[in-house]
Amino acid sequence: MNVLTSSDLKTILHSKRANLYYLEHCRVLVNGGRVEYVTDEGNQSLYWNIPIANTTTLLLGTGTSITQAAMRELAKAGVLVGFCGGGGTPLFTANEVDFEVAWFSPQSEYRPTEYLQAWVRFWFDDVLRLNAAKAIQQARLTRIAAHWINNPRLAEADFVVPRERLEAALEASRRAIVAAPDNTALLTEEARLTKTLFKLACDATDYGEFTRAKGGSGGDPANRFLDHGNYLAYGLGATATWVLGLPHGLAVLHGKTRRGGLVFD
């Protein structure tokens, strides 16, 4: 069998790769030159191939282990490997207690620079950085409107928000974003709109009184669901910025003092 080189495994650009794996209760190893994960069913061990050259991220959850040989092959292909808790949501890590997911980047991987170079052209200018933050917030409003209005899947789940109330809230937020003089005003508007959206969601589901708990301390279904969704969104954001080669510290909205600020953006 021909041995694939590191350059061969990186033929597919990270932005074009199709797979992001989350695994639990299995072993990841090299078998016959391929990276595979093994599941046990009774007396049988089932081997499943991981197409590493077409994979961006491998998340290892509860009950997983990985061999040194598998890590070497994943590094050759430039696959980002992370350890997390069950369901893809964070647990704790051994090396960085402040971060819920431990990421191990392949050290030999050359990152693309075009996106980073374009990003830093505006990042050091306060006005341009504020404009970028406003653009992100405006895009957020557009996405909310697209997913909350006339969404058949939400309607099937009896989640129907009055269109007039939602559009009025989004339009007021658009005006506030345009007029915001700084990041503090943008974050204040983000918090105000979020409370409005929570109220609309509570009314649509007859949830009753709701208070957003901080730091994962909420035990009610809504808070647990929001925490779970947030962590999944953070994982996708971290993957996207890593693929583009953008350091997480180059945030435009959530401050320059947090290492993961761009992920929160």
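## The end of helix H8

In this predicted model, helix H8 is followed by Gly-245, a residue with a positive phi near 80 degrees. Helices (H or I, at least four residues) and strands (E, at least two) are DSSP runs, numbered from the N terminus. H8 covers residues 221-244, 24 residues in total, and reaches 35 Å from its first C-alpha to its last, close to the 34 Å expected at 1.5 Å a residue. The expected span of a helix is 1.5 Å times one less than its number of residues.

Several residues of H8 are buried, including Ala-222, Asn-223, Asp-227, Ala-238 and Trp-242. Buried means under 20% relative accessible area, exposed means over 50%, and partly exposed lies in between (1.4 Å probe, protein chains only). The cover over these buried residues includes strands E1 (19-23), E5 (55-60) and E7 (80-83), together with helix H9 (261-264). Such cover is judged by contact, which means heavy atoms within 4.5 Å.

## Basis of the model and its confidence

Residues are numbered from 1 along each chain as its sequence is written, and side-chain values use heavy atoms, with hydrogens and water left out. Because the model is predicted, local features need pLDDT of at least 70 and side-chain atom pairs count only at pLDDT 80 or more, whereas totals for chains, interfaces and linings use all residues.

The pLDDT is the predictor's confidence in each residue, from 0 to 100. The protein averages a pLDDT of 82, and 84% of the residues score at least 70. Among its elements, helix H6 (residues 163-179) has the highest mean pLDDT, 94, while strand E8 (residues 102-104) has the lowest, 55. Over residues 91-100 the pLDDT is below 50, and this stretch has 14 contacts in the model beyond near neighbours in sequence.

## Overall make-up

The protein has nine helices and eight strands. Of its 265 residues, 35% are buried. Among contacts with a separation of 6 or more, 59% join residues 24 or more positions apart.

## Helix H7 and the cavity

Helix H7 (183-205) has 23 residues and reaches 33 Å from its first C-alpha to its last, close to the 33 Å expected. Its buried residues include Leu-186, Glu-189, Glu-190, Leu-193 and Leu-197, and what covers the buried residues of H7 includes H4 and H6.

On a 1 Å grid over the protein atoms alone, a cavity is a set of points where a 1.4 Å probe fits but cannot get out; lining residues have an atom within 4 Å of a point. Grid points are joined across faces, edges and corners, and a volume is the space filled by probe spheres set on the points. By this rule there is one cavity of 30 Å³ or more, and the largest cavity holds about 40 Å³ of space. Its lining consists of Gln-137, Arg-140, Leu-141, Ser-173, Ile-177, Leu-186, Glu-189, Glu-190 and Leu-193. Helix H4 (126-148), H6 and H7 each give two or more residues to this lining, and the largest share, four residues, comes from H7. By class, the lining has four nonpolar, two polar and three charged residues. Here Ala, Val, Leu, Ile, Met, Phe, Trp, Tyr, Cys and Pro count as nonpolar, Asp, Glu, Lys and Arg as charged, and the others, Gly among them, as polar.

Most residues other than glycine have a negative phi. His-25, however, has a positive phi near 55 degrees. This residue is found in the loop between E1 and strand E2 (26-31) and is exposed, with a relative accessible area of 53%.

Asn-150 also has a positive phi, about 55 degrees, although it is not a glycine. Asn-150 lies in the loop between H4 and helix H5 (152-156) and counts as exposed at 66% relative accessibility.

## Residues brought together from apart in sequence

Thr-62 is placed in the loop between E5 and strand E6 (64-66) and is partly exposed, with a relative accessible area of 36%. Thr-62 and Leu-23 are 39 residues apart in sequence, yet 8.1 Å apart in space, C-alpha to C-alpha. Leaving aside neighbours within four places in sequence, the contacts of Thr-62 are Tyr-22, Glu-24, His-25, Cys-84, Gly-85 and Gly-86.

Glu-73 lies in helix H2 (residues 68-76) and counts as buried at 14% relative accessibility. The C-alpha atoms of Glu-73 and Ile-52 are separated by 8.1 Å, while the two residues stand 21 residues apart along the chain.

Note on methods:
On a 1 Å grid over the protein atoms alone, a cavity is a set of points where a 1.4 Å probe fits but cannot get out, and a pocket is an open set with protein on both sides within 12 Å along at least five of seven lines; lining residues have an atom within 4 Å of a point.
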